[in-house]
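Hi everyone, thanks for coming. Let me walk you through one structure today, starting with the surface and then moving on to helices and charges.

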Amino acid sequence: MNMIEWRQLSVGMRPVPEPVATPVIWSAAFAGALLLVAVLNSLGGHGRPTLALIALSLFAAVLGLCARFVAAPGTAVLCWLFLNAFAIPPVGVLTWAGGRDGTWLACLLGATVVGTACARVVNARAGYRRITPRDHG
């Protein structure tokens, strides 16, 4: 005779967090990149694009943690605009230097996508653990 073993799946269903709306992410990217570049410039980082690129890439990755994948290109472009126009001389002039700016855009886009992918993996694993029965034996 087989016995039925009852297992509690979870105490309560907690939904997987929903990503933040794309316009909100882009607004945060605009305001955050502006503030970040302004702070870096005031601390003597003006004319040091590598430092600004690293800071903006980290910022883009953090924004990616709560964004959808479709927000990544816009987030990267907004961060690049502030990097290009205000972190390198001449200030306020938007330029395009093929190799350099293409690399910067790719770096910022990659950082945003990596942040978003990490968040999706963490959320998926957490969701899986919520529905997988725990072994109480």
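Let's begin with L35, which is exposed at a relative accessible area of 57%; exposed means over 50%, buried under 20%, and partly exposed in between, with a 1.4 Å probe and protein chains only. Before I go on: this is a predicted model, where local features need pLDDT of at least 70 and side-chain atom pairs count only at pLDDT 80 or more, while totals for chains, interfaces and linings use all residues. Residues are numbered from 1 along each chain as its sequence is written, and side-chain values use heavy atoms, leaving out hydrogens and water.

L35 sits in helix α1, residues 22-45. Helices here are DSSP runs of H or I with at least four residues, numbered from the N terminus.

Now, how do α1 and α2 (residues 49-64) cross? Their axes come within 10 Å, at roughly 155°; these axes are lines fitted to C-alpha atoms over the stretch in contact, with angles running from 0 to 180 degrees between N-to-C directions. So α1 is roughly antiparallel to α2, a label for angles over 145 degrees.

On to charges: the whole structure has 2 salt bridges, meaning a side-chain nitrogen of Lys or Arg within 4 Å of a carboxyl oxygen of Asp or Glu. One joins E18 and R68, with the closest N and O atoms 3.1 Å apart. That pair links distant parts of the chain, 50 residues apart: E18 lies in the segment before α1, and R68 in the loop between α2 and α3 (72-86). E18 is exposed at 61%, whereas R68 is partly exposed at 33%.

D101 and R100 also pair, at 3.2 Å from N to O. Here D101 is buried at 0%, and R100 is partly exposed at 32%.

Methods:
Helices (H or I, at least four residues) and strands (E, at least two) are DSSP runs, numbered from the N terminus. Angles under 35 degrees count as roughly parallel, over 145 as roughly antiparallel, 65 to 115 as roughly perpendicular and the rest as oblique.
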